[in-house]
Amino acid sequence: LGLLYQEYRDKSTRQEIETRRLQDSQTDPEESSPSEETPSETEPTSTTENKVAPQINLLRNSNSRFNLWQDLPEIRSSGVLSILQPDEIKLQEAMFELVTSEASYYKSLNLLVSHFMENERLKKILHQSEAHILFSNVLDVMAGGGGFLLDLEQRVEENIVISDVCDIVYQHTVNHFSVYITYVSNQTYQERAYKQLLQDKPAFREVISQLELDPKCKGLSFSSFLILPFQRITRLKLLVQNILKKVEEKSERETTALDAHKELETVVKACNEGVRKMSRTEQMISIQKKLEFKIKSVPIISHSRWLLKQGELQQMNGPKTSRTLRTKKLFREIYLFLFNDLLVICRQIPGDKYQVFDSAPRGLLRVEELEDQGQSLANVFILRLLENADDREASYMLKASSQSEMKRWMISLAPNRRTKFVSFTSRLVDCPQIQCVHPYVAQQPDELSSGWAFLMCACLCLCSGWIFGERLHDQERGWFPSSMGEEILNPKIRAQNLKECFRVHKSDDSQRRKLGSRNRQ
């Protein structure tokens, strides 16, 4: 394909957003959409000869543009659009997008290797160890991708109507896609090495800038090429989900789609866990170095511990009756490090250090919001430690900078008490849904990143513009700004989205229930 993967992905997701907008504005979600077009009367009618259908050589035409399957000349001239049902045309589009996006991805990956990695000037500048960290096992990723694309091409060229692609996805995921885990797990070190090279080696910075200006790169940055494998393996899972939503229920194609999705889910989880493990380890070491214990020392670094939230709050110094004092005297700053199993309460001291004066297991925390008691006590809540570092109960009256920050702290500190949310996809319950139209990257551990066209269910909306919600495609939860998305207003579309997600995840839920039953036995 003529498009690089970054361009292809942007065009595809924008088209997905516009399609949902169109559906949301319609009374009936089954009304026509771009993927349900029928051929005009001027198009050739089907005959015995054109039912045989020519091969599609689109993937070998480097000048081809971004197209729908039904827009291809080979498809329109075959008359097959007058034969297939609208649902089958939708399925063909979903399978075709997986194939063409893979071709675009491979083109971009090839450019990363041939244009950047194998550049002679760059080779002379980089030490072997630096090159290894920067490019990792991209050659293995590319080798696996080449075989995958070849099999997809052959399947498309077998017949003008694509029979299936998920069986190919399954085979390659099981046998070859473990190379993605290695590449993605290296991402933390890769990003750090790239920043360090830009800072320490002017020659490296100059060569990269010159290579980025080459027309081949189409104005895209070197870093956008480095992140391709992680973006692709995640997107591939979403593309298989899209196919799964469109195949006939209880059919062979549904079985292969479920199998492919299950294997991709395993790889994506391993990739995410690899990235988290690397970054969490570095983060925990950094925090440990900053803490000085006024109380009995608590070991911070643990393989099963990670940071959930950190930040500054104000602690009330005296009893509630001392409202006559000025606000700055009534409260003093404290700093909280909240881990998945532990809360550490500190005061910041000179030298970017924190002195720990109390701690408690996260399971022994309780929170309570104060009723409105005037401006000085706005956004105040009570944090109760049922058993603190001195093995006794302790309470802190804490003030946040805003109502949304207070709510976020309360939910993070005691989630079992504040957020007993059951997954919407397991209950098929109608709730507000948001379509992401502006990508958002999480800035805090309790936030949720979102890409273009991602669907989110809203569990809790704050007037300050923050929403606590769940990503539908993987059921991950966190906070995100309302400005990143548009609400889906059509209840039929919301119900359809939940039904599709339930279909995708029902096999995973069934497996989890079986495992839980075995464990109880």
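This briefing covers the confidence, fold content, nonpolar cores and cavity of one predicted protein model. Because the model is predicted, local features need pLDDT of at least 70 and side-chain atom pairs count only at pLDDT 80 or more, while totals for chains, interfaces and linings use all residues. Residues are numbered from 1 along each chain as its sequence is written, and side-chain values use heavy atoms, with hydrogens and water left out.

**Confidence**
- The protein chain has an average pLDDT (the predictor's confidence in each residue, from 0 to 100) of 82, and 83% of the residues score at least 70.

**Overall fold**
- The protein chain contains 19 helices and 13 strands; these are DSSP runs numbered from the N terminus, with helices being H or I of at least four residues and strands E of at least two.
- Of the 521 residues in the protein chain, 50% are buried, meaning under 20% relative accessible area with a 1.4 Å probe and protein chains only.
- Among contacts in the protein chain with a separation of 6 or more, 67% are between residues 24 or more positions apart.

**Nonpolar cores**
- A nonpolar core is a set of buried Ala, Val, Leu, Ile, Met, Phe, Trp, Tyr and Cys residues joined through side-chain atoms within 4.5 Å.
- The largest nonpolar core has 70 residues, and L98, L112 and F135 have the most contacts inside it.
- Helix 4 supplies the largest share of this core, 13 residues.
- Leaving aside residues up to four places away in sequence, L112 touches M117, F135, V138, Y183, F222, F225 and L226.
- A second, separate core of 23 residues includes L313, I334, L383 and L413.

**Cavity**
- A cavity is a set of points, on a 1 Å grid over the protein atoms alone, where a 1.4 Å probe fits but cannot get out; lining residues have an atom within 4 Å of a point.
- The structure holds one cavity of 30 Å³ or more, and the volume of the largest cavity is about 30 Å³, taken as the space filled by probe spheres set on grid points joined across faces, edges and corners.
- Its lining consists of Y5, Y8, R9, S12, E97, S101, R235 and L239.
- Helix 1 (5-25), helix 4 (86-117) and helix 13 (228-244) each supply at least two lining residues, and helix 1 gives the most, with four.
- By type, the lining of the largest cavity has three nonpolar, two polar and three charged residues; Ala, Val, Leu, Ile, Met, Phe, Trp, Tyr, Cys and Pro count as nonpolar, Asp, Glu, Lys and Arg as charged, and the others, Gly among them, as polar.

Methods. On a 1 Å grid over the protein atoms alone, a cavity is a set of points where a 1.4 Å probe fits but cannot get out, and a pocket is an open set with protein on both sides within 12 Å along at least five of seven lines; lining residues have an atom within 4 Å of a point. Contact means heavy atoms within 4.5 Å.
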